[in-house]
Amino acid sequence: VHPLDVIFERMNGADQLQFALIPLNPVRIVLALSGGRDSMAMLDVLSRLRADARQAIAGEVCAVYVHHGLSPNAAQWEEHCRKACEARGVGFESIRVQVRNTGEGIEAAARSARYRALADFALRGGYDVVMTAHHEDDRIETFLMQWMRGSGLEGLAAFPKTRSLEASAFVHGRRTPGTVLLLRPWIGVSRAEIDRYVHN
């Protein structure tokens, strides 16, 4: 089986629970785009899926790069993402955030800032979901890290396919709270499958 077919099948709702969304499809998607292999593969798949007239899953797609300012290469990654989106006819936004380490560690603080920025952007723009390219191997790694830290069942159950993100946006001049759905459609896709897709 060609890796593209496998990944398309997974994106196109082979597991219908992944796309049991409100409102009904097609869904307006914010893709978290880092410029790394996994999110760039998902950008490519979403752009192809959106262009397929037979599908009714992906409506509007906007890729968002969150610029933390932590890496000296952040501006280069931002430009790389912008060019990749332009080449595929996908909307692109870059959001700059300030990472405040409040004792949780810089990585955790950056992750919190990133999800908050993505959720706020999605709520402000009327998007239905924030989509990330986390895959099966990420889930296993997270499970092992939580297990090594001695986490209980709650910690071991980390990394669900979907969860709600708290968000807030200015609507009619007032800051309005809300929630946005975070979706990880590749939780059942292995890193090897994504590697084969990228190679092909």
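I began with Asp120, which I found in helix H4 (residues 106–125), where helices (H or I, at least four residues) and strands (E, at least two) are DSSP runs numbered from the N terminus. I keep in mind that this is a predicted model, in which local features need pLDDT of at least 70, side-chain atom pairs count only at pLDDT 80 or more, and totals for chains, interfaces and linings use all residues. Residues are numbered from 1 along each chain as its sequence is written, and side-chain values use heavy atoms, with hydrogens and water left out.

Is Asp120 buried or exposed? I noted it as buried, because its relative accessibility is 15% (buried means under 20% relative accessible area, exposed over 50%, partly exposed in between, with a 1.4 Å probe and protein chains only). Not counting residues up to four places away in sequence, Asp120 touches Glu166, Ala167, Ser168 and Ala169 (contact means heavy atoms within 4.5 Å).

I then turned to helix H3, residues 74–88, and looked up which of its residues are buried: Ala74, Glu78, Cys81, Ala84 and Cys85. They lie on the same side of H3, because they cover an arc of only 130° around the axis (the arc of the directions from the helix axis to the C-beta atoms). The cover over these buried residues includes helix H2 (37–51), strand E2 (58–67) and strand E3 (91–96), while the face turned away from the buried side carries the exposed Gln76, Lys83, Glu86 and Ala87.

For Glu78 I recorded a relative accessible area of 11%, and, leaving aside neighbours within four places in sequence, contacts with Tyr65, His67, Phe92, Ser94 and Arg96. Last, I noted that H3 is followed by Gly89, whose phi is positive, near 70°.

Notes
Expected span 1.5 Å × (residues − 1).
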